[in-house]
Amino acid sequence: MTVPDSSAFGPAGAASPRGSAGPAGSPTGPAGPTSAVGPAGAGGPVRLDGPWTHRDVAANGARFHIAEMGEGPLVLLLHGFPQFWWTWRHQLPALAEAGFRAVAMDLRGVGGSDRTPRGYDPANLALDVTGVIRSLGEPDAALVGHDLGGYLAWTAAVMRPKLVRRLAVSSMPHPRRWRSSMLSDFAQSRAGSYIWGFQRPWLPERQLVADDAALVGRLVEEWAGPRNPEFPDEETLAVYRRAMSIPSTAHCSIEPYRWMVRSMARPDGVQFNRRMKRPVRVPTLHLHGSLDPAVRTRSSAGSGQYVEAPYRWRLFDGVGHFPHEEDPIGFSTELINWLKDPEPDR
């Protein structure tokens, strides 16, 4: 296996004193980590104002922050890296208006959710997701996941199929497909070089929070496609940078990716990979940006082989890694139409 250069998280340049972090990603220095990106507002860097309601729910031994809107069948939205629940700010009102109970949760260790010392393997993170479904008093949910959230949505659909009514995944192949692509496809391995860079101890955390989490802004800019020149704007980048600068967030954000790589040859990783051979048996919508530089289209396109149910593949032209933010109207329309379709096509 050839590991490509991971210069984005390499040793080129140490973290600045203001943005440096200790082992848990905690910022140091009297000025704090967020001054350069502006104030967070009355709700802090996580509980941002909007038409939604914020609250906490308990699940799987931890506390999770959620933002929710609307009434109807539950649609649970799962964010990816390097973001938090706010990435679904466009879909929350759209889903609520369409007659759904839309809930966006912060994953373990991110945003307003608990930062626990362990529990960042995908099986446990998927139990977080299904635990939140139960804590919300719902019998099941349609899961919508992006990036890492998509990886967990795939996992939850296999591990707890009775709790997943439908599955929608954006910018992430099936876990077995992801593993195969990262190990055997040099182009995908190079595109995912940031994941290889995450395997270093402590340095990636320091780099993520250095200079008021400037690297977070660069990653979002580099991974976005050319279709929407207004995304990302400076205000959006400032929101994500502030959220990553919360103490310990950088470390917790990286831990799932460390497990995904380091466990490949360990018994727990081999067992997880075997477990994911079980087919997904719920209707699945798979969305991807045609110009995604982080997850290649070819890597995601083969995921349908793991679905024994209606499977719909949709490609967004000119869009990068964030279809739900780069083309929010198109994404929301596609998602809502599919959720309302009583007989989704294969």
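Biologist: Which residues line the second largest cavity?
Modeller: The model is a predicted one. In it, about 90 Å³ of space lies in the second largest cavity. By class, its lining has 7 nonpolar, 3 polar and 1 charged residues. The lining residues are Tyr 151, Pro 175, Trp 178, Arg 179, Trp 259, Met 260, Ser 263, Met 264, Gly 269, Phe 272 and Asn 273.

Biologist: Which helices each supply at least two residues of that second largest cavity's lining?
Modeller: The lining includes Trp 178, Trp 259 and Phe 272. Three helices each supply at least two of the lining residues: H4 (175-184), H9 and H10 (267-275).

Biologist: How many cavities of 30 Å³ or more does a search of the whole structure find?
Modeller: The largest cavity holds about 140 Å³ of space. For the whole structure, the search finds 3.

Biologist: Which element gives the most to the lining of the largest cavity?
Modeller: This cavity is lined by 19 residues, and His 79, Gly 80, Gln 83, Val 110 and Ser 253 lie nearest its centre. The elements that give two or more residues are H8 (234-244) and H9 (249-262). With 5 residues, the top contributor is H9.

Biologist: How do the residues lining the largest cavity divide by class?
Modeller: Those nearest the centre include Val 110 and Ser 253. The whole lining divides into 13 nonpolar, 5 polar and 1 charged.

Biologist: What is the strand order of the open sheet?
Modeller: The sheet has 8 strands, and the pairing is mixed. S3 (residues 74-78) and S4 (residues 101-105) pair in the parallel sense over 5 bridges. S1 and S2 pair in the antiparallel sense over 7 bridges. The order is S1-S2-S4-S3-S5-S6-S7-S8.

Biologist: Which strands stand at the edges of the sheet?
Modeller: Each edge strand has a single partner strand, so one side of each is left without a neighbour in the sheet. From one strand to the next, the twist averages 25°. The edge strands are S1 (53-59) and S8 (311-316).

Biologist: Which residue of S4 stands opposite Leu 74?
Modeller: S3 and S4 run in the parallel sense, with 5 bridges. Opposite Leu 74 stands Arg 101.

Biologist: Which strands does H2 touch where it packs on the sheet?
Modeller: The direction of H2 makes about 110° with that of S1. The touched strands are S1, S2 (62-69), S3, S4 and S5 (141-146).

Biologist: Why is H2 called roughly perpendicular to H3?
Modeller: H2 (residues 122-135) and H3 (residues 148-159) pack with their axes 9 Å apart. Angles of 65 to 115 degrees count as roughly perpendicular. The angle between H2 and H3 is about 80°, which makes them roughly perpendicular.

Biologist: How do the residues of the H2 contact with H3 divide by class?
Modeller: H2 brings Pro 122, Ala 123, Leu 125, Ala 126, Leu 127 and Thr 130. H3 brings Tyr 151, Leu 152, Thr 155, Ala 156 and Met 159. The division is 9 nonpolar, 2 polar and no charged.

Biologist: Where does Pro 82 lie?
Modeller: Most peptide bonds are trans. Phe 81 and Pro 82 are joined by a cis one, with omega about 0°. Pro 82 lies in the loop between S3 and H1 (91-97).

Biologist: Where is Pro 232 found?
Modeller: A cis peptide bond joins Phe 231 to Pro 232, again with omega about 0°. Pro 232 is in the loop between H7 (203-223) and H8.

Biologist: What is phi of Trp 202?
Modeller: Trp 202 is found in the loop between H6 (193-197) and H7. Most residues other than glycine have a negative phi. For Trp 202 the value is positive, near 65°.

How values were computed
Residues numbered from 1 in each chain as written. Predicted model: local features only at pLDDT ≥ 70, side-chain atom pairs only at ≥ 80, totals over all residues. Heavy atoms only, no water. Axes fitted to C-alpha atoms, helices over the stretch in contact; angles between N-to-C directions. Helix = DSSP H or I, 4+ residues; strand = E, 2+ residues; numbered from the N terminus. Parallel < 35°, antiparallel > 145°, perpendicular 65-115°, else oblique. Contact = heavy atoms within 4.5 Å. Nonpolar A, V, L, I, M, F, W, Y, C, P; charged D, E, K, R; others polar. Pairing = 2+ DSSP bridges. 1 Å grid on protein atoms, 1.4 Å probe; cavity = no way out; pocket = protein on both sides within 12 Å on 5 of 7 lines; lining within 4 Å. Points joined across faces, edges and corners; volume = space filled by probe spheres on them.
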